Amino acid sequence: MTAGLAAFLDDYSAAMRRHVAAPGQAGLTEGYDLGRRALVEGISLLDLTENHFRAVAEYTGAEGDPRSAEVALEFLLQTMAALDIATRGYLDGTRRYEQQRSRAEDLAGRDAFRTALVESLQDGFFVADSQGTIVEVNSAFGVLTGYGADDVPYRLPHPWALSDQPGYPQIGTEASRFVMPVRHRDGRERWLAVSASSLVKQENNEQIFVGTVRDVTAEHDAQARDQAASRLATAVGAATSMVEVLAVGLDELRRTMGAQTALVAVWPSRTGQPDVYSCGEPPFPEPAATESIEGTPRFVAAPVSDPTRRVTLDEEVRTLLDRSRRQPARGLSAITGEEGGVDAVIAPLGETGDAALWVRFGAPRAISAADWALYSLLVGHLSVALQRARNFDQARATSLTLQRAMLGPIELPPRFSVHYEPALPPLEIGGDWYDVVPLRDGTIGVVVGDCVGRGLSAAVVMGQLRTAARALLLRGAGPAQLLAELDAVAARIPGAMCTTVCAAVLDPERGMVRYSNAGHMPPVLAPPGGPGRVLEGGRAVPLATFDTPRRPEATTALPPGATLVLFTDGLVEQRGYDIEEGFVKIAGVLSETGGALPRDVADAVLSRLCPPAGYDDDVAMVVYRQPPEPLRLDIPAAASELTGLRRNLYRWFATAAVPHDLAADLVAAANEACSNSVEHAYRDTEPGRVTLTATCEGDRVVIEVTDSGRWIPTPTDPGYRGRGVEMMRVLTEDLEFSHDENGTRVRMWVTLPSITFPTANPLRGSTRAPEQSPNNTFR
């Protein structure tokens, strides 16, 4: 027995006796520590067990106490617990070793099975290291990319990666699912769906990526076709005219097809020449002359930035388009280049056989079946949108005909301007109306009304009330009487209840206006250069609401040159704004535009009050300008004074609502008369003065030029000069000369023409030109 074993056994015996004498947790803990010591010192279980029984026998004697033997056995078991744990761990380790050894023996067979399994996959398989280098691929991977197992490893950047397609992850660099474009070894572009997972090798804790790739080119192309068709349908969805459809649709079609030029030829008549709409690069060399001549197509104007550009077609393409638009079946035709490949695509558009599409590529290209499917889908969407726009144009023309038949006069008396803008663009039809009626006694009746609601139903009510109001005015009814009798008419018209109307009778000669208001917006009156004010008199309830004993009426003076505006509530009632603010704005505009033509006043009012999103209610407005005070200019008979005279005369003509072209003629005639006075009246005497007077006599504008001298007689042959009198006769309606001892007087006049309006002003929303960009040149 070694000294170490003897010492351990003595320590064990002593500890066991202490525990038997006083059993407790401390003794058991000491026994467990002795077991761990036995492990470290390599004590045999046999030696430990033999020593235990000897020590128990010696401690208890021949007649041992059974209780002491049980306590001693508990101490032995606690000591052997540590040895038991170590033994079981050893056995488990041995078992695992045997299992690993068994697996290692099967690796050779398993590698062969793994290789067969990977090669049997229809999807491409790859293994990449932590640096993204592809170290293993199967044969399917080589078929999908053109890069097989013979050339591994494939380091970054991978040879199939598209350098012009940034933003896509590379195969074997991320553990995720994604779709990426690749370039096959033969040059084709394909789309692969990648599914990769990240693993850690047990032998060296290295991260690797294992995954599969699948060809999804067909699915991607189908999705791209759907997206392209959706973009085109969205782009043309808001277009309501053929020009708008072609403006946005042609550019979207050209960009989606990757073409250089896209154009549409439209034949307004079956046998005439086509209008050509084009976007992209000019399709052909442009002609030197822009005039349309026999045998060449008519052209659609270019954008404002380049109004001289035109699009022309050569005879071959025009013949192809003409033949294509006559084809009854929908279909695309390819135009091949001289060296093969498709150079252009041509197709009919619409359902009426009067339009055809021509799309030219920058270079001949091969077009796959998927490309043809995409092109057919896009052309179909454009064709449907074009036909829808034509149907809408027909509906708009019908509504415009109805609206113009009911809205008001086409010719207005001088010094008037009107404006109508419905809230339902682009059909241009609503329930607001105006009417201007010249009466036999020289006065002018004006009616502005607003029916409840909007659209066609409101327009029907409006037409009946407008006709009744016009008949009452022509019969001689004053404003109050007109509204009183219109009450009875509105009560018998379904939908006419609560219609608001403002009726007025203007007397330009006396400078007075009588008006009555049935719940309508009050008119606004502004003297020239002065603040505008609201005419609050003559107010009562709307039509067909309550029985009123009589309608009130008010009378207000019209100062010379004053501007009167009557309008419907759509002009001033806006969400989030106080209605009084709208009246203040109108009054401000009128005070600033006292020297502008009535149509310019109307434009200024609409521009100042227009909300950012446009008017959300119908707007009808009438602007009237009262004739101004006569103009009298007394100037020295000097040529240097004529510039100021012409400037003052132009200003007065604007205040008198004389159209610009007529004002230019009158200024030229007056300038010639004053020039004759300057040059001839005081030829042999001291220079005198020249007086010019301009007055409004009803609808006539009269100009008189007087001086205190004598003009020389007009020679029989005036030569290259002396044609001023003839020019004055041409520029005016009549010309009178009078000479006496007091001097010379020239009197000339013109009658102001009626103002021609289309009654329903063109809507900004329906007739606006499509926005252009550098890449969308719509000519």
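**A guided tour of the predicted chain**

With 19% relative accessibility, A544 counts as buried, because the cut-off for buried is under 20%. Most residues other than glycine have a negative phi, and most peptide bonds are trans.

Next, select A657, in the loop between α14 (642-655) and α15 (660-681). This residue, although not a glycine, also has a positive phi, of about 60°. A657 counts as buried, at 6% relative accessibility.

The peptide bond joining V152 and P153 is cis, with omega about 0°. P157 lies in the loop between α5 and β3 as well. The bond from L156 to P157 is cis, and its omega is near -5°.

Now display helix α10 (residues 456-474) together with helix α11 (residues 479-491): their axes come within 10 Å and cross at roughly 145°. The crossing is right-handed. On the α10 side, select L465, A468, A469, L472 and L473; these meet L482, E485, L486, V489 and A490 in α11. By class, this contact has nine nonpolar residues, one charged residue and no polar residues.

Finally, show the whole chain, which has 17 helices and 29 strands. Of its 779 residues, 46% count as buried. The chain exposes about 38800 Å², of which carbon and sulfur atoms supply 53%. Among contacts with a separation of 6 or more, 64% come from residues 24 or more positions apart.

Conventions: Residues numbered from 1 in each chain as written. Predicted model: local features only at pLDDT ≥ 70, side-chain atom pairs only at ≥ 80, totals over all residues. Heavy atoms only, no water. Axes fitted to C-alpha atoms, helices over the stretch in contact; angles between N-to-C directions. Helix = DSSP H or I, 4+ residues; strand = E, 2+ residues; numbered from the N terminus. Left-handed = near helix turned anticlockwise from the far one by under 90°. Contact = heavy atoms within 4.5 Å. Nonpolar A, V, L, I, M, F, W, Y, C, P; charged D, E, K, R; others polar. Buried < 20%, exposed > 50% of the residue type's maximum accessible area, 1.4 Å probe, protein only. Areas by Shrake-Rupley, 256 points an atom, 1.4 Å probe, with all protein chains shown as cover.
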